[in-house]
Amino acid sequence: MINKIKRTYFHLGKLQLLSLLLLSTLLISLSLFTINSIHTWSQHKDNLVRQLDSLSAGIAHDLKNSLAALNNQYPEPLCDHKTMMAMQQADYFANFLTSISIVKDNLIVCSSTQGMINPPTILIEPDWISFAGVKVRQHQTVPFFEDHVTGRTAQIGNFLAYLDYSNAISEPQQPWLKYISYYNKDGDLNYLSGDADFVVNDFTPHSDGSQWYENQSWLFSQCINENECLLIAIDIPAYFAANQSMLFLWGCILVTVLILVGLLGNHVHHHLFSIPRQVRHGINDHQLTLHYQPILEMASGNIIGCEVLSRWRTQDNQWIRPDEFIAIVEQNGQTAELTEQVVLTCIRDLSKVGMLGKVKVGINAFPADIASGHIRNLLCQQLPKEYYSLFSIELTEQKIENLKALSQGVQDLRRLGFEVAIDDFGTGFSNLEALREVNVSALKIDKSFIWGAEKPSLKRSLVEHIVNIAKSLELHIIAEGVETTEQLEYLRTLDVDYTQGFLHSRPVSLEEFVVKAKQYVNTESS
Ligand SMILES: Nc1nc2c(ncn2[C@@H]2O[C@@H]3COP(=O)(O)O[C@H]4[C@@H](O)[C@H](n5cnc6c(=O)[nH]c(N)nc65)O[C@@H]4COP(=O)(O)O[C@H]3[C@H]2O)c(=O)[nH]1
């Protein structure tokens, strides 16, 4: 009852933990989003104003020191080497201007980046001409190295340059950044040209006291000359739209990540905590059951014994394969408990059905069980001496930590009359070196070698090799995983002692094993 409550609590706890984790991450992200969108404008505004102020100042500086200076130096410019060098130099020193070109008869005839332009590029009408005489074109194509770019250009006299903002603002090419020119007539600002149209009413001075104004829709710099001006303006809704779509994108990414983390978290939790924890409880609560797989004598075809195999069903009614839970038992450090339960249960089971002392029994053991003498003590406590020879301890494929202690443990078991077999021979540690060191009495050929050995193949020669070694060491040979009559007949030609496999029977419950074995075993008590 207490265990049931504990288990229910454990399951609830896991679900609650996961939902809580997901919910809190979601809430934190939502709050971050909200805070971010509330603060976005106020946080970025000052920064943008600063950047755009320095951009204006930088462009004005470049126009004066590059384009105006070139006009002074070359009032009648030619596309000659000298002028080209001066243009390239000016291009190099300018921060926001590039591809400085010479303009003649409304054509770009040569440029600092491409030399002579053939055919020359046609100039479009300027979008506005500033008070200082700078002709600004919003979408002028200019020659740029091997290519052409289209964008904003500034022209003073015979020289024109492409306005390159790419390094000027941290968020270049943004749709919210607008350039507009206005003219001032009788104290009213009138739209002249540019990216946008807006009514210059109800603007309040910018909070930092600079020359910037803002209303619901626009943030713009003050018009500083009397007749006309170029405004650098920020379209606030467009700015938010751009940021919102970024937020939406990030939101989608975050939600996807959350879902993945949730799914993965469940999986990781299941494997790291749930199964190991359930295995721990399962062993402690004696939830293991045993299945018995018949072992047949080759010569007579009789069932003479069985291999004992652990089976474990979880609380969710799932069967977990030994291959999976044995590894967890090892991680949990519960190998001794498992072996103890297997030994005690199988002795009790076989005794109950009158087969103890009548059949051979193969029990899987961990190397530590043998090295520590744990399995020897258990068997000796539970069995009368005359049954020792019927028990075969199968040394499963494991990492051997102390080969010397293992070899001593095997020696002790054999001295008492128990059989010791190397399981899964041919895989993992069970190689020739182990065979030399550990003085076993039987060898089980791994099923992976049996499958395919019925036909001439590399496997066949390996099986023959293994059988020869076993015979030369006078070991009993058991072939496991026999699935077909061809395999069985082939193994008969090799004179293998015992066979085990689905051909004869799958591992079955005790009751089913009794049904299968009873015609070969006298279960009457003597
Ligand atoms: N496909 C196929 N499979 C066959 C055939 N004949 C037998 N098998 C399977 O091969 C495995 C034989 O056991 P193993 O080599 O000792 O390999 C065992 C053994 O190493 C380990 N194991 C099982 N029970 C215990 C246990 O109580 N203690 C320990 N230490 N290890 C155990 O888990 C391994 C896997 O056990 P199982 O899943 O029960 O798998 C069993 C059995 O079901 C066949 O003809 N075809």
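Start with Val103 in this predicted model: beyond its neighbours within four places in sequence, Val103 is in contact with Ile108, Leu123, Gln155, Asn158, Phe159 and Leu160. Select Val103 together with those residues and keep them displayed. Why does Val103 count as buried? A residue is buried if 20 or more other C-beta atoms lie within 10 Å of its own, and Val103 has 21, so Val103 counts as buried. Leu78 is 25 residues from Val103 in sequence, and the C-alpha to C-alpha separation is 10.0 Å.

**The sheet around Val103**

Now select residues 97–104, which form strand β1, the strand that holds Val103. Strand β2, residues 107–111, runs antiparallel to β1, and four bridges join them. Across that pairing, Ile108 in β2 stands opposite Val103, and Ile108 is also one of the contacts of Val103. Strands of a sheet pair through backbone hydrogen bonds.

**The ligand shell**

Centre the view on the ligand. How many residues are around the ligand, and which come nearest? There are 25, and the nearest are Ser310, Pro322, Asn364, Gly501 and Phe502. Colour the shell by residue class: 10 are nonpolar, seven polar and eight charged.

The elements that each supply at least two shell residues are β15 (303–313), α4 (322–331), α5 (335–352), β17 (360–365) and β19 (419–425). Among the contributors, α4 gives the most, with three residues.

**Helix α12**

Move to residues 485–493, helix α12, where Gln487, Leu488 and Leu491 are buried. Why are these residues on the same side of α12? They cover an arc of only 100 degrees around the axis, which puts them on one side of the helix. An α-helix has 3.6 residues a turn, so residues three or four places apart point the same way.

Turn to the other side of α12 to find Thr485, Glu489 and Thr493, which are exposed. To see what covers the buried residues, display α10 (447–450), β21 (476–480) and β22 (498–500), which are included in that cover. After α12 comes Asp495, where phi is positive, near 65 degrees.

**The whole chain**

Finally, zoom out to the protein chain. The secondary structure comes to 13 helices and 22 strands, and 30% of the 526 residues count as buried. Among contacts with a separation of 6 or more, 59% are between residues 24 or more positions apart.

Technical notes: Residues are numbered from 1 along each chain as its sequence is written. This is a predicted model: local features need pLDDT of at least 70, side-chain atom pairs count only at pLDDT 80 or more; totals for chains, interfaces and linings use all residues. A residue is buried if 20 or more other C-beta atoms lie within 10 Å of its own, exposed if 12 or fewer, and partly exposed in between; C-beta atoms are placed from the backbone. The arc is that of the directions from the helix axis to the C-beta atoms. Two residues are in contact if their C-beta atoms, placed from the backbone, lie within 7 Å. A residue is near a molecule or strand if its C-beta atom, placed from the backbone, lies within 6 Å of it. Ala, Val, Leu, Ile, Met, Phe, Trp, Tyr, Cys and Pro count as nonpolar, Asp, Glu, Lys and Arg as charged, and the others, Gly among them, as polar. Two strands pair if DSSP finds at least two bridges between them.
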